[in-house]
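Trainee: Hi, I'm about to open a structure I've never seen before. Could you walk me through it?
Mentor: Happy to, let's have a look together.

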Amino acid sequence: MTSYEVRPVARIESALTDRATAPRQGDEGAPPARVVFNPEYHPAAADLRPGDRLVLLTWLHEADREVQSVHPRSDPDRPREGVFSTRSPDRPNPIGLHTVTVTAVEDGTLTVTGLEAIDGTPVLDVKPVLGEVTDR
């Protein structure tokens, strides 16, 4: 099989530091967080504005890449399911998908809401949420 190299474009700064106590989804009590872009990617983030809805692709760096099935939401009363039918962070390629809202922008840093990623999580890419077709 072919492998691919990815390079983080940013990292997450968050009050969430423990995977076990972090919310399972961003809309389940995640505190505001910051997306701090590496200086070489500041031009790529130059047009992001408060109010923008973004999809962050992250590398879930504390994930167990050997896990292939889980009890959904870590509930042992639910039957095991393959990780590809769940949002489990433990999976062969632990890529996180997070829809966030930008609340502030300052010098290559975004403040966002709706992000359950823990402090230090690498950001692989940032994409706008598609809605109406725009000129962007």
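This is a predicted model: local features need pLDDT of at least 70, side-chain atom pairs count only at pLDDT 80 or more; totals for chains, interfaces and linings use all residues.

Trainee: Thanks! How much space lies in the second largest pocket?
Mentor: About 270 Å³. Its lining is made of 13 residues, and those closest to the centre are Ala44, Ala45, Leu48, Val126 and Pro128.

Trainee: Which strand gives the most to that lining?
Mentor: That is strand β8, which spans residues 122–128 and supplies four of the lining residues.

Trainee: OK, stepping back. How many helices and strands does the protein chain have?
Mentor: Zero helices and eight strands. Read along the sequence, the pattern is simply β-β-β-β-β-β-β-β.

Trainee: What do the strands build?
Mentor: Six strands form a closed barrel, in the order β1-β2-β7-β6-β3-β8, and the pairing is antiparallel. From one strand to the next, the twist averages 45 degrees.

Trainee: What holds paired strands together in general?
Mentor: Strands of a sheet pair through backbone hydrogen bonds, and the pairing can be parallel or antiparallel.

Trainee: Let's zoom in on β2. Over how many bridges does β2 pair with β7?
Mentor: Four, in the antiparallel sense, with β2 covering residues 33–37 and β7 covering residues 109–113. Within that pairing, alanine 33 sits opposite valine 112, and valine 35 sits opposite leucine 110.

Trainee: And how does β1 pair with β2, parallel or antiparallel?
Mentor: Antiparallel, over four bridges, with β1 running through residues 10–13. Here alanine 10 has phenylalanine 37 of β2 as its bridge partner.

Trainee: Why is β2 described as largely enclosed?
Mentor: Because four of its five residues are buried, β2 is largely enclosed by the rest of the structure.

Trainee: How much of the protein chain counts as buried?
Mentor: Of its 136 residues, 37% do.

Trainee: New topic: loops. Where does valine 67 lie?
Mentor: Valine 67 is in the loop between β3 (53–59) and β4 (69–70).

Trainee: Is valine 67 buried or exposed, and why?
Mentor: Valine 67 counts as buried, because its relative accessibility is 18% and the cut-off for buried is under 20%.

Trainee: What does valine 67 touch, not counting residues up to four places away in sequence?
Mentor: Val83, Asp90, Arg91 and Pro92. Take valine 83: valine 67 is 16 residues from it in sequence, and the two are 7.6 Å apart in space, C-alpha to C-alpha.

Trainee: Now tyrosine 41. Where does that one lie?
Mentor: In the loop between β2 and β3. Tyrosine 41 has a relative accessible area of 23%, so it is partly exposed.

Trainee: Which residues is tyrosine 41 in contact with, leaving aside neighbours within four places in sequence?
Mentor: Arg7, Pro8 and Val9. Tyrosine 41 and proline 8 are 33 residues apart in sequence, with 9.8 Å between their C-alpha atoms.

Trainee: Across the protein chain, what share of the contacts with a separation of 6 or more comes from residues 24 or more positions apart?
Mentor: The share is 73%.

Conventions: Residues are numbered from 1 along each chain as its sequence is written. Side-chain values use heavy atoms; hydrogens and water are left out. Two strands pair if DSSP finds at least two bridges between them. Helices (H or I, at least four residues) and strands (E, at least two) are DSSP runs, numbered from the N terminus. Axes are lines fitted to C-alpha atoms, for helices over the stretch in contact, and angles run from 0 to 180 degrees between N-to-C directions. On a 1 Å grid over the protein atoms alone, a cavity is a set of points where a 1.4 Å probe fits but cannot get out, and a pocket is an open set with protein on both sides within 12 Å along at least five of seven lines; lining residues have an atom within 4 Å of a point. Grid points are joined across faces, edges and corners, and a volume is the space filled by probe spheres set on the points. Buried means under 20% relative accessible area, exposed over 50%, partly exposed in between (1.4 Å probe, protein chains only). Contact means heavy atoms within 4.5 Å.
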